Amino acid sequence: MTTAQKLTVQALQWTGTSLRVLDQRQLPDTLRYDEYTDAAGVAEAITSMRVRGAPAIGIAAAYGVVLSAVQHFTHDSNQWRQAVVADIDTLAKSRPTAVNLFWALDKMRSVLDAPQADPVAALTACAVKIHADDITDNHTMGELGADLLAGAKGILTHCNTGSLATGGYGTALGVIRSVCKRQAVNIYAGETRPWLQGARLTVWELSQDGIPVTLIADSAAAWLMQSGAIDWVIVGADRIARNGDTANKIGTYSLAVLAKQHGVKVMVVAPTTTLDGSIATGKDIHIEQRNPNELLPSCYVVEDSLVSGWNPVFDVTPARLIDAIVTERGVVLEPSGVGIPSAWLT
């Protein structure tokens with residue numbers, strides 16, 4: 001990492017023998033890192049949303065494989081691969097929607113399957129490279145996205161897509177960081193219910209970089225657009241189908257619909273590791289459903305309650321509502337007409 005790429009916020013810190021994970025559930029009130037030395041702990045950190053954001057989940061899982069290899073290779077140099085494979089399966093089950101998780105585990109599995117004089121060193125090198133490449137790619141996406149924003153006066157973002165959700169710098173928030181270095185622009189962040197990633201994470205992260213930002217209630221987005229304050233909605237992604245349909249944090253689809261109504265453009269920013277060439281359209285994307293109790297006040301979480309909850313974590317925005325998809329390999333404008341370049345899917 002170059003001096004220019006040093007991070008003010010780090011969701012993940014690799015020590016060489018453990019993975020330190022910033023517990024994002026405690027932000028912004030408490031800055032606390034939890035330390036993990038085995039794959040099971042990393043899987044639990046992902047499931048419990050201590051670590052979140054598709055790229056960061058993939059990076060954490062890669063380090064989880066390294067920790068598994070360290071643990072098992074030391075104790076049994078003959079049967080250790082079977083134990084690591086089992087841990088990879090555990091990590092794969094931690095979150096179902098973010099394709100980066102499975103991409104990173106496939107990369108680690110390829111190293112595991114190849115003959116290695118020092119498998120722990122080889123796996124470590126792969127995980128470190130996944131992390132470093134993500135940071136580099138984020139900076140590239142930041143500049144490519146910022147190129148599209150000349151003259152923009154207002155940007156609205158959703159969820160958290162910065163250093164907390166990636167290896168560093170960010171996807172959509174990386175674009176916002178880059179454009180703010182070039183020109184004056186008003187940044188707005190939706191609170192992002194029910195976990196409030198926008199309120200707890202995005203505005204905190206931007207403030208750490210000295211970037212002014214205005215927080216709005218999710219339900220205020222339409223009125224804000226109607227006022228003329230917003231030129232672009234910029235979001236990340238957890239999975240993108242071949243035709244450009246995009247799964248992202250719940251509420252993204254409604255913002256895209258509102259943007260179309262008000263003549264506001266929509267930009268999706270994601271590394272090519274988020275592209276899923278195995279699925280044709282968003283209809284094939286599995287949407288994670290979390291416990292309804294995350295929504296419900298405790299008074300309703302009782303036997304025979306007449307109040308239930310529906311808690312999808314993501315929704316799918318059709319490509320026809322997206323004006324630009326930005327990756328580290330380039331930009332697709334009007335993706336509904338062209339889809340994702342096949343060369344990016346390999």
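Author: Contact here means heavy atoms within 4.5 Å. Leaving aside neighbours within four places in sequence, Thr273 is in contact with Val99, Asn100 and Trp103.

Reader: Before we continue, what kind of model is this, and how are residues numbered?
Author: This is a predicted model, in which local features need pLDDT of at least 70 and side-chain atom pairs count only at pLDDT 80 or more, while totals for chains, interfaces and linings use all residues. Residues are numbered from 1 along each chain as its sequence is written, and side-chain values use heavy atoms, with hydrogens and water left out.

Reader: Back to Thr273: where is it found?
Author: Thr273 sits in the loop between β10 (265-269) and β11. Helices (H or I, at least four residues) and strands (E, at least two) are DSSP runs, numbered from the N terminus.

Reader: Is Thr273 buried or exposed?
Author: Thr273 has a relative accessible area of 17%, so it counts as buried. Buried means under 20% relative accessible area, exposed over 50%, and partly exposed in between, using a 1.4 Å probe and protein chains only.

Reader: Which side chain does the side chain of Thr273 make a polar contact with?
Author: The partner is the side chain of Asn100, at 2.9 Å. A polar contact is a pair of N or O atoms within 3.5 Å; within protein, one must be able to donate a hydrogen and the other to accept it, and residues adjacent in sequence count only if both atoms are side-chain atoms.

Reader: Let us move to Ser68. Where is Ser68 found?
Author: Ser68 belongs to helix α2 (residues 54-75). Its relative accessible area is 0%, and therefore Ser68 is buried.

Reader: What does the side chain of Ser68 make a polar contact with?
Author: It pairs with the side chain of Asp87 at 2.6 Å. Beyond the neighbours within four places in sequence, Ser68 is in contact with Ala39, Ala83, Val84 and Asp87.

Reader: And Asp323, where is that?
Author: Asp323 lies in the loop between β11 (314-317) and β12 (324-327). With a relative accessible area of 15%, Asp323 is buried.

Reader: Which backbone nitrogen lies 2.8 Å from a polar atom of the Asp323 side chain?
Author: That nitrogen belongs to Val266.

Reader: How far apart are Asp323 and Trp232?
Author: They are 91 residues apart in sequence and 9.6 Å apart in space, C-alpha to C-alpha.

Reader: Lastly, what box do the C-alpha atoms fill?
Author: Taken along the principal axes, the box is roughly 65 × 55 × 40 Å.
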